[in-house]
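Try each one before reading its solution.

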Amino acid sequence: MKTTAENADKKGHICPPSNATHPSDRWESLFVYAFICKFTQLRGKVEGFDTPSDFEEALLLQEPNPIMSQILSRFVLNLRPQTRNLSSDVISSTVAGVLQDYFKSSERTVFWDEELKMNVDPFQGMEEGFFAASWDFKLKVLRQLVELQLCHSPEIKGIIDRAWGVIHNKHKKTEPASVPPPPGDPHSQEKLQLIPIGQDKDRKRYWVVDDSPRLYMSTNPWKITATFQTVASTRDEYMAMIDKIKESAPPEAKEGERRTKLEQAHLALLKAMQDRVEAIEAEIARIQRARRKIEQRNLLLAQAEVRETRTRRQTTRPDYAYMNDPISEDDKDEYTFQEQEDDEYEDQAEYDDLSGYRPGEPSTSTRRAVTQPRRRSTRTSNASNNGKRGGGDEWGEWRGERRSTRLGAPSDTQFGDPQPKRARTAESTTSTGSVDVVTDPPPRTGSGLKIKIHGAAAVKPTETAVEAVAGKKKSKFWYYAIEPVPAPHGSVAARPPPSSDGISASSNGAVSSTTNGLKNGRGSETSHTDADVDMYEKSIEGSLSPTSSMDES
């Protein structure tokens with residue numbers, strides 16, 4: 001009974017607590033960082049996470065940071081692939097829930113209590129969560145998560161089994177034979193192992209994880225009194241360690257003398273460290289390029305915050321000014337969002353159609369876009385109408401543009417008669433004046449109407465243009481063309497005087513009409529009678545009206 005009691009009170013192998021003041025001097029840091037490099041792709045993928053120093057700085061921060069959040073998320077997903085609550089504000093409770101599930105078993109963990117004989121929840125009583133805890137607590141939690149993944153994560157266990165060629169259920173034919181990855185594969189046995197690169201003649205072991213200049217040194221890890229510390233973090237420190245090891249190297253052996261194993265290990269360590277110099281320099285250059293890109297992006301983001309961006313949500317309406325018409329700040333008005341009506345779209349379309357028109361051009365088909373001193377939107381409002389549309393002079397914004405009087409434009413917007421359009425008829429295509437060339441101005445009547453000399457509506461050589469015919473309707477849009485009627489041969493009858501409406505009676509009692517040709521912009525009408533030239537001349541004298549009377553009308 002006494003022996004049984006002594007065996008029960010005897011404690012197992014317990015390592016003394018570490019007195020390290022920085023995460024770099026704890027072996028757990030090397031353990032966790034090595035797992036991250038060998039079984040995950042977080043290093044280099046997470047912004048700012050490239051070296052062991054970045055991992056240690058993230059441990060020292062007592063606030064949420066991207067590096068630690070991504071590490072916790074990856075560890076939780078390896079243990080619980082269906083987990084969704086991985087944001088930085090809830091990741092602490094998620095990690096606590098994952099640990100509680102594994103603490104229910106009798107498996108000893110980092111948080112095993114010898115008195116209670118059970119695992120204790122480390123998050124119990126913590127109100128601020130994981131990120132606000134000390135770096136020692138964070139490092140213990142990360143170490144425990146790594147151990148759980150190595151033992152229980154199907155993905156991690158599958159990587160290890162493939163590297164070592166382990167085949168489960170060999171008796172099943174459906175299980176394919178797995179071939180171990182080659183040595184150059186990241187998941188090969190050579191890459192997954194964490195072994196020291198060598199030891200010196202004093203039996204001190206040196207450890208490296210990646211191509212960074214970080215170098216760890218430890219004593220015999222199988223002893224309780226083993227120590228662990230970082231001896232190099234920069235290239236200069238790494239080169240200094242090479243020189244130190246070179247100085248303590250054993251002298252050259254005498255001829256025929258064999259070196260001891262410790263001396264051989266010391267020389268092998270020196271060679272291994274010298275061979276890593278080139279890879280370390282390449283890794284340092286890569287890290288500098290990556291950090292330079294991060295700094296440039298952060299600088300651009302800082303400049304973007306200072307720069308003012310103009311959007312439609314601002315209260316001051318954007319005002320477009322050109323170099324030939326600068327405006328002052330007083331010209332800006334307050335912008336109030338209003339829906340644009342259909343008539344405004346039509347007005348804008350009409351403005352665009354007439355923007356290239358200029359009086360005096362040979363053809364309207366070759367309109368050219370003119371350069372305006374300044375263009376104002378149709379929503380422009382005057383300060384006098386308090387920012388509302390529709391107030392003030394609605395024709396004031398047509399700066400130098402001609403507007404039709406049929407649209408209600410005032411007379412001061414008219415600059416002269418518009419250039420007549422070219423007639424699009426078969427006759428116009430064969431006429432000599434159908435091309436767009438600059439010609440002499442067409443003749444006009446006494447009232448100012450232009451007379452067509454080309455096209456289907458042109459005055460024929462045998463016709464005469466008159467302003468009006470007695471008894472016929474006068475208009476400022478058309479004129480009358482009269483063609484003389486040839487007299488029949490042998491006719492000597494007396495010519496009766498013309499009537500007031502231009503119709504005279506012939507000698508045989510038949511009523512004949514003078515030739516009244518109605519000419520406008522589209523065509524002409526000509527009627528022929530049996531009257532002779534004398535009758536035509538007399539009718540002309542009675543049908544012409546003085547210019548002054550037309551102007552008064």
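Buried means under 20% relative accessible area, exposed over 50%, and partly exposed in between, with a 1.4 Å probe and protein chains only. The model is predicted, so local features need pLDDT of at least 70 and side-chain atom pairs pLDDT 80 or more, while totals for chains, interfaces and linings use all residues. Residues are numbered from 1 along each chain as its sequence is written, and side-chain values use heavy atoms, leaving out hydrogens and water.

**Exercise 1.** Classify Cys151 and Cys37 by accessibility, then count the disulfides.

*Solution.* Start with Cys151: its relative accessible area is 41%, so Cys151 is partly exposed. Cys37, at 23%, is partly exposed too. A disulfide is a pair of cysteine sulfur atoms within 2.5 Å; by this rule the count is zero.

**Exercise 2.** Describe how helix α3 meets helix α4.

*Solution.* Helices are DSSP runs (H or I, at least four residues), numbered from the N terminus. Axes are lines fitted to C-alpha atoms over the stretch in contact, with angles from 0 to 180 degrees between N-to-C directions. The axes of α3 (residues 52–60) and α4 (residues 66–79) come within 8 Å and cross at roughly 95 degrees. Since 65 to 115 degrees counts as roughly perpendicular, that is therefore how α3 and α4 lie to each other. With contact meaning heavy atoms within 4.5 Å, α3 contributes Asp54, Phe55, Ala58 and Leu59, and α4 contributes Ile67, Met68 and Ile71.

Technical notes: Helices (H or I, at least four residues) and strands (E, at least two) are DSSP runs, numbered from the N terminus. Angles under 35 degrees count as roughly parallel, over 145 as roughly antiparallel, 65 to 115 as roughly perpendicular and the rest as oblique.
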